[in-house]
Amino acid sequence: MKNKLLLLTAMGVITYGGLASADVCKIKPEAESVKNPLPIKYQKLKKENEELKAKLQECRSSKAQIKVEISSLNSQILQLENEKAQLQSKLRLLPSKESLEAQIQELENRVGR
């Protein structure tokens, strides 16, 4: 039992030591601050900011155009509703189908058909 425990401990130390020494030879990536110093970062952020401002302006102009279209459509809707109301009032003034058919029947009876 003690031999197994010693063997397992020795294997763990050897394995961990091998893994730890493997990291010593590993090449670490450059720090981001070395790749992109502050002036370069500033220029990138400034460029990105300008692009976002341009997109925002496009969205604003698109929004203005859409508002104009919406107001135009609303005015067309109001015009059509007014026209519908006028036509409905004219339709109410006209005699009904049944009364017209009754008049036709009466005229046919007078003529003798």
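Okay everyone, one term before we start: helices here are DSSP runs of H or I with at least four residues, strands are runs of E with at least two, and both are numbered from the N terminus.

What you see above is a predicted model, where local features need pLDDT of at least 70, side-chain atom pairs count only at pLDDT 80 or more, and totals for chains, interfaces and linings use all residues. Residues are numbered from 1 along each chain as its sequence is written, and side-chain values use heavy atoms, with hydrogens and water left out.

So what's in the chain? We have 4 helices and 0 strands, and reading along the sequence gives α-α-α-α.

Now, confidence. pLDDT is the predictor's own confidence in each residue, from 0 to 100. The chain averages 84, with 75% of its residues at 70 or more. Helix H3, residues 38-93, comes out highest at a mean of 95, while helix H2, residues 32-35, is lowest at 60.

Of the 113 residues, 0% count as buried (under 20% relative accessible area; exposed is over 50%, partly exposed in between, with a 1.4 Å probe and protein chains only).

Arg 110 is exposed at 62% relative accessible area, and Glu 106 is partly exposed at 42%.
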